[in-house]
Amino acid sequence: MNLPPSTQPQTNRDARWKFLRDVLVFQLKMLLDNVRDFALMPISLVAALIDLVIRGEREGALFYRVLRWGSHSETVIDVYSAIEDHEKGDFRISPDYTVDGVIARLEGVLSREYEKGGTAASIKNAMDRAIDQLHAETGAAKDKTRDVVVRATDKLRETFNPKASGKD
């Protein structure tokens, strides 16, 4: 039994409007974030080229200044601020599987092979083994993610077409 709109609790309406506001603000912030990223790509490359040609106070000074500006602007935009008031959840990422962690791992393989005097073929094989190991280590997460997507898809099907799932 649904209540007429005039008798619905005010808190539901407030939550709905906060949600809609968060959606709109998130979209605006994503746009700003992407414009910033699009601008940072050529600016950081030009800064790096200038740093290579003109020696500054330290190696890469201009490039790192651009990175600091990018980091500061990321903090100012704060794309995900809408979830600060929500429960954090149990989703954790091991530092080994961040972009920096994977790159460091592959760089380590490359460095070790190079130091051993490896050929291009042996370096390629070592990199292939490292990537295969990463795939094996993240296989369980892939299966878990697939299961979540399948459950969500089934739930959406039930929501939009209850007769197809056998429920009336």
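Is D128 buried, exposed or partly exposed, and what is its relative accessible area? In this predicted model, in which local features need pLDDT of at least 70, side-chain atom pairs count only at pLDDT 80 or more, and totals for chains, interfaces and linings use all residues, D128 is partly exposed, with a relative accessible area of 32%. Residues are numbered from 1 along each chain as its sequence is written, and side-chain values use heavy atoms, with hydrogens and water left out. Buried denotes under 20% relative accessible area, exposed over 50%, and partly exposed the range in between (1.4 Å probe, protein chains only).

The structure holds 9 salt bridges, each defined as a side-chain nitrogen of Lys or Arg within 4 Å of a carboxyl oxygen of Asp or Glu. One of these joins D128 to K124, with an N to O distance of 2.8 Å; the two residues are 4 apart in helix α4 (residues 120-160) and are therefore separated by about one helical turn. Helices (H or I, at least four residues) are DSSP runs, numbered from the N terminus.

A salt bridge also pairs E74 with R36, whose closest N and O atoms are 3.7 Å apart. Because E74 lies in helix α2 (residues 61-77) and R36 in helix α1 (residues 10-53), the pair ties together parts that are 38 residues apart in sequence. E74 is partly exposed, at a relative accessible area of 48%, whereas R36 counts as buried, at 7% relative accessibility. Both residues belong to a network of salt bridges that links D33, R36, D37 and E74.

In a further salt bridge, the side chains of D22 and R21 meet at 3.2 Å, N to O, and D22 is buried, with a relative accessible area of 14%.
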